[in-house]
Structures are given as structure tokens and as C-alpha cells.
Amino acid sequence: MAAPLDALQQLPLAVALRESVWAFPLLEIVHIAAIAAMIGSVLMIELRVFGLRKALPLVELGKLGAGIAIGAFAIIVASGMLLFLTDAAGYIANRAFAIKLGLIALAAINMVAFHARGSLARPDALAKAQAALSLLLWLGVIGAGRMIAYV
């Protein structure tokens, strides 16, 4: 496993990102800003599921929020992959990184289940439980992501 990871870390793009004074920090800013946009849109939908601002049509608000979340998530994945290239072996060995990826997978499964059952059209107890789980998972992702630097 070490050889492929080392090869990734030696790609010209990875070296350039690592050696640039500005590239890596700017990439981190893009990554964090996209996380903020995604979590903000998800939070907006979930608060509406919990009953806030009942005058706002949940399905329409959900469509808007989901579009923002999907776009932001695409930026998160792209910037995250570039960050990963800079120290692939280090990230793979980092428990906080593994936890972060696991929580992202669980959040994605929860999101698919939420939309597959039509929870926007019926904000019942299960939809509220899924919304609460989503919030907890995404907070865990943020926490694990922050811990990567310290573990």
C-alpha cells in the first residue's frame, strides 16, 4: 500500500500544493467554506423538518437546500482529494481521517434513506430522527476533520 500512496504524494500537483506558500491554505479555505455551505443548507432543511418556519413549503425549501448541498459536497470532495494528495500515507494512517470518512459514509446513507422515503413530504417522527442523526453525523465529520491535525 505504501508504494501507491508514495506515488500519489510525488505527483507534480501534490508536490506543487505541498511546496506552495499559498496553495494548501487556500485549498483548505475552499474545503472549509464548502463544508459551511453544505452544513448550512442541510441545517436549514432539518430545522424546517423540526417544525420551524412552517409557512415555508418544506418540499420547495428541500429542493433548494439539496441543490446547494450537492454542489457544495462536490467542491468538498474535489478539494478533499487534492488535500489528500499532499500526504496520502499520513492521512491513511490517521484514525481521525478514517473516522471522518466513515461518518461521511453514514451521513450519505442517512441522506439517501431520508429522500428515498420521501421525508420532505412527510416530516413525521422518523423524518425528525433522520434529521437529528444527520446533524450529529455532520458535527462528527467536522470534529473528526479538525482532529486530523492532532492525532
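Student: How does the lining of the largest pocket divide by class?
Tutor: This is a predicted model, so local features need pLDDT of at least 70 and side-chain atom pairs count only at pLDDT 80 or more, while totals for chains, interfaces and linings use all residues. Residues are numbered from 1 along each chain as its sequence is written, and side-chain values use heavy atoms, with hydrogens and water left out. Ala, Val, Leu, Ile, Met, Phe, Trp, Tyr, Cys and Pro count as nonpolar, Asp, Glu, Lys and Arg as charged, and the others, Gly among them, as polar. On that basis the lining of the largest pocket has three charged, three polar and 16 nonpolar residues.

Student: How much space lies in the largest pocket?
Tutor: A pocket is an open set of points on a 1 Å grid over the protein atoms alone, with protein on both sides within 12 Å along at least five of seven lines; lining residues have an atom within 4 Å of a point. Points are joined across faces, edges and corners, and a volume is the space filled by probe spheres set on them. For the largest pocket that gives about 680 Å³.

Student: Which residues of its lining are closest to the centre of the largest pocket?
Tutor: The largest pocket holds about 680 Å³. Its lining has 22 residues, and the closest to the centre are His31, Leu83, Lys100, Gly145 and Ile148.

Student: Which element gives the most to the lining of the largest pocket?
Tutor: Helices here are DSSP runs (H or I, at least four residues), numbered from the N terminus. With seven residues, the top contributor to the lining of the largest pocket is H4.

Student: What about the second largest pocket: which residues lie nearest its centre?
Tutor: The second largest pocket holds about 400 Å³. H3, H4, H6 and H7 each supply at least two residues of its lining, and the largest share, six residues, comes from H6. By class, the lining has 13 nonpolar, five polar and one charged residues. Of its 19 lining residues, those nearest the centre are Val42, Ala69, Met111, His115 and Trp138.

Student: Which residues line the largest cavity?
Tutor: A cavity is a set of grid points where a 1.4 Å probe fits but cannot get out. The count is one cavity of 30 Å³ or more, and the largest cavity holds about 40 Å³. Its lining has six nonpolar, no polar and one charged residues. They are Ile35, Phe73, Ile76, Lys100, Ile104, Trp138 and Val141.

Student: How many salt bridges are there?
Tutor: Side chains of opposite charge can pair when their charged atoms come close. A salt bridge is a side-chain nitrogen of Lys or Arg within 4 Å of a carboxyl oxygen of Asp or Glu. By this rule the count is two.

Student: Glu60 and Lys63 are in H4. What separates them along the helix?
Tutor: Glu60 and Lys63 form a salt bridge, with their closest N and O atoms 3.5 Å apart. Because they are three residues apart in helix H4, the separation is about one helical turn.

Student: Is Arg117 buried or exposed?
Tutor: Arg117 meets Asp124 in a salt bridge, 2.8 Å from N to O. Buried means under 20% relative accessible area, exposed over 50%, partly exposed in between (1.4 Å probe, protein chains only). Asp124, at 29%, is partly exposed. Arg117 has 19% relative accessibility, so it counts as buried.

Student: What about Ala14: buried or exposed?
Tutor: Ala14 is in helix H2, residues 12-19. Its C-alpha atom is 9.5 Å from that of Ala88, 74 residues away along the chain. At 0% relative accessibility, Ala14 counts as buried.

Student: Which residues form the nonpolar patch on the surface?
Tutor: Patch members have over 30% relative accessible area and no salt bridge; like charges are joined within 9 Å, nonpolar side chains (Val, Leu, Ile, Met, Phe, Trp, Tyr) within 5 Å. Areas come from the Shrake-Rupley method with a 1.4 Å probe, and for residues only the protein chains shown count as cover. Leu26, in helix H3 (residues 23-49), is partly exposed at 46%. The patch has about 490 Å² of accessible area together, and its members are Val21, Trp22, Leu26 and Ile29.

Student: Last one. How many helices and strands does the chain have?
Tutor: The C-alpha trace spans about 55 × 25 × 25 Å along its principal axes. Strands would be DSSP E runs of at least two residues. From the N terminus the elements run α-α-α-α-α-α-α. The totals are seven helices and zero strands.
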